[in-house]
Amino acid sequence: MPNVKTAIPYRGTPEQEARLREVIAAHKGQPGATMPVLQAAQEIFGYLPEEVQIMIAEGLDIPLSEVYGVVSFYTQFSLNPKGRYQISICLGTACYVKGAGNILEAVQKKLGIAPGGITADGKFSLDACRCIGACGLAPVMMINDDVYGRLTPDQVSGILDRYE
């Protein structure tokens with residue numbers, strides 16, 4: 001899924017930025033430093049907003065476009081923060097065939113966000129994934145660690161209301 005720009009403002013703390021500068025200093029000048037620095041940055045901040053990417057590019061003395069290219073290529077990296085409730089809709093074969101696209105559409109309509117997005121209040125984030133290993137319950141949606149299976153679109157609103 002493509003990364004969607006978030007409406008949530010950057011909220012990095014001076015402590016997080018200091019930790020990132022330490023990681024950058026430890027890797028500066030090393031071949032292949034971009035990946036481990038990005039992985040550490042995502043661990044520190046929970047995602048990789050533009051402000052963090054700029055710090056990494058400047059700290060490693062590489063173009064911002066190179067940093068963004070890596071971030072946008074690998075699915076392990078996120079440009080957006082995650083909500084308090086992280087929703088994942090499985091779009092693997094079994095789930096997709098049994099109507100996961102309709103479940104995703106119902107969630108998008110209810111929350112007003114697309115995959116990769118987060119609600120303005122930071123409560124919900126939405127992602128589509130390839131398989132969560134519950135094919136027998138298809139179609140499946142996870143909210144944090146809660147699994148909902150054999151879903152129909154008309155169940156989505158009631159399930160989301162439980163997290164309000």
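## Getting started

Contact here means heavy atoms within 4.5 Å. Keep that in mind while meeting M141: leaving aside its neighbours within four places in sequence, M141 is in contact with I87, S88, I89, V107, D146, V147, Y148, L151 and I159.

This is a predicted model, in which local features need pLDDT of at least 70 and side-chain atom pairs count only at pLDDT 80 or more, while totals for chains, interfaces and linings use all residues. Residues are numbered from 1 along each chain as its sequence is written, and side-chain values use heavy atoms, with hydrogens and water left out.

## Two nonpolar cores

A nonpolar core is a set of buried Ala, Val, Leu, Ile, Met, Phe, Trp, Tyr and Cys residues joined through side-chain atoms within 4.5 Å. Buried means under 20% relative accessible area, exposed over 50%, and partly exposed in between (1.4 Å probe, protein chains only). In soluble globular proteins, nonpolar side chains tend to be buried together.

The largest nonpolar core has 26 residues, and M141 is among those with the most contacts inside it, along with I87, I89, V107, I143 and L160. Two or more residues each come from β1 (85–90), α6 (100–111), β2 (124–129), β3 (141–143) and α7 (153–161). Helix α6 gives the most, with 6 residues. These labels follow DSSP runs, numbered from the N terminus: helices are H or I of at least four residues, and strands are E of at least two. A second, separate core of 21 residues includes A33, A40, F45 and L60.

## Helix α3 and its partners

L60 also belongs to α3, where V52, Q53, M55, I56, A57, G59 and L60 are buried. The buried residues of α3 pack against α1 (14–27), α2 (34–45) and α4.

How do α3 and α4 meet, and at what angle do their axes cross? The axes of α3 (residues 50–60) and α4 (residues 64–73) come within 8 Å and cross at roughly 125°; axes are lines fitted to C-alpha atoms, for helices over the stretch in contact, and angles run from 0 to 180 degrees between N-to-C directions. On the α3 side, Q53, I54, I56 and A57 meet L64, V67, Y68 and V71 of α4. The residues of this contact divide into 7 nonpolar, 1 polar and no charged (Ala, Val, Leu, Ile, Met, Phe, Trp, Tyr, Cys and Pro count as nonpolar, Asp, Glu, Lys and Arg as charged, and the others, Gly among them, as polar).

## A glycine in a loop

G136 sits in the loop between β2 and β3. G136 is exposed, with a relative accessible area of 59%.
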